[in-house]
Amino acid sequence: QVQLVESGGGLVQAGGSLRLSCAASGGTFSRYIMGWFRQAPGKEREFVSVIKCSDGTTLYGDSVKGRFTISRDNAKNTVYLQMNSLKPEDTAVYYCAADTSPLPLIGRYYYNTNRYDNWGQGTQVTVSS
């Protein structure tokens with residue numbers, strides 16, 4: 001079982017930046033595919049980004065392309081989400097997730113929450129206008 005702990009959320013003004021971190025413990029991090037999702041009140045959990053830890057291949061949701069950057073540090077077992085040019089509509093709880101038995105990094109597998117077998121507790125991001 002992999003444990004995931006997110007940090008770095010907070011309150012920021014529109015146009016500002018935040019960096020989220022997700023520290024993983026247990027298992028072999030470099031073999032995983034790690035994703036970020038978000039969920040706003042009354043809405044479904046939405047795909048944000050995903051990274052293949054072995055080679056750094058990434059995918060992004062349309063709403064964050066060009067503004068958010070996912071990265072990982074295999075030595076620290078940590079995945080990051082750098083969020084720039086934040087908008088009020090980015091306000092949500094952000095969740096980190098791990099797929100410990102990864103498939104090829106293809107969107108139709110990883111845009112859906114069902115692929116991931118471990119989840120963090122979430123961190124709140126609030127963007128004020």
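Visitor: Is S85 buried or exposed, or something in between?
Guide: S85 is partly exposed, with a relative accessible area of 41%. Buried here means under 20% relative accessible area, exposed means over 50%, and partly exposed is in between, using a 1.4 Å probe and protein chains only. Keep in mind that this is a predicted model: local features need pLDDT of at least 70, side-chain atom pairs count only at pLDDT 80 or more, and totals for chains, interfaces and linings use all residues. Residues are numbered from 1 along each chain as its sequence is written, and side-chain values use heavy atoms, with hydrogens and water left out.

Visitor: Where does S85 lie?
Guide: S85 is in the loop between β8 and β9. Strands are DSSP runs (E, at least two residues), as are helices (H or I, at least four), and they are numbered from the N terminus. S85 also has a positive phi of about 50 degrees although it is not a glycine.

Visitor: What about phi at N77?
Guide: For N77 phi is near 55 degrees, a positive value in a residue other than glycine. N77 lies in the loop between β7 and β8, and at 26% relative accessibility it counts as partly exposed.

Visitor: OK, strands. What's the order in the open sheet of four?
Guide: The order is β1-β3-β8-β7, with antiparallel pairing. Two strands pair if DSSP finds at least two bridges between them. β1 (3-7) and β7 (68-73) are at the edges with a single partner strand each, so one side of each is left without a neighbour in the sheet. From one strand to the next, the twist averages 15 degrees.

Visitor: How many bridges hold β3 and β8 in their pairing?
Guide: Six bridges, in the antiparallel sense, between β3 (residues 18-25) and β8 (residues 78-83). A23 has T78 in β8 as its bridge partner. β1 and β3 also run antiparallel, joined by five bridges, and L4 stands opposite A24 in β3.

Visitor: Switching to charges. How many salt bridges are there in the whole structure?
Guide: A search of the whole structure turns up six. The cut-off is a side-chain nitrogen of Lys or Arg within 4 Å of a carboxyl oxygen of Asp or Glu. One of them joins D90 and R67, with the closest N and O atoms 2.7 Å apart. That pair links distant parts of the chain, 23 residues apart: D90 is in the loop between β8 and β9 (92-99), and R67 is in the loop between β6 (58-60) and β7.

Visitor: Are D90 and R67 buried or exposed?
Guide: D90 is buried, at 0% relative accessible area, and R67 is buried too, at 11%.

Visitor: Which residues are in a network with them?
Guide: R38, E46, R67 and D90 are linked in a network of salt bridges. E46 and R38 have their closest N and O atoms 2.8 Å apart. R38 is buried, at 5% relative accessible area, while E46 is partly exposed, at 31%.

Visitor: Now the cysteines. Which ones form a disulfide?
Guide: C22 and C96, with sulfur atoms 2.0 Å apart; the cut-off for a disulfide is a pair of cysteine sulfur atoms within 2.5 Å. The torsion about their S-S bond is about -75 degrees, so the disulfide is left-handed. C22 is in strand β3 and C96 in strand β9, 74 residues apart, which links distant parts of the chain. Both C22 and C96 are buried.

Visitor: Last topic, the core. Which residues touch the most other members?
Guide: In the largest nonpolar core, of 29 residues, those are M34, W36, V79, L81, M83 and Y94. Such a core is a set of buried Ala, Val, Leu, Ile, Met, Phe, Trp, Tyr and Cys residues joined through side-chain atoms within 4.5 Å. Elements giving two or more residues to this core include β4 (33-39), β5 (46-52) and β11 (123-128). A second, separate core has eight residues, among them F37, F47, V50 and Y116.

Terms used:
Axes are lines fitted to C-alpha atoms, for helices over the stretch in contact, and angles run from 0 to 180 degrees between N-to-C directions.
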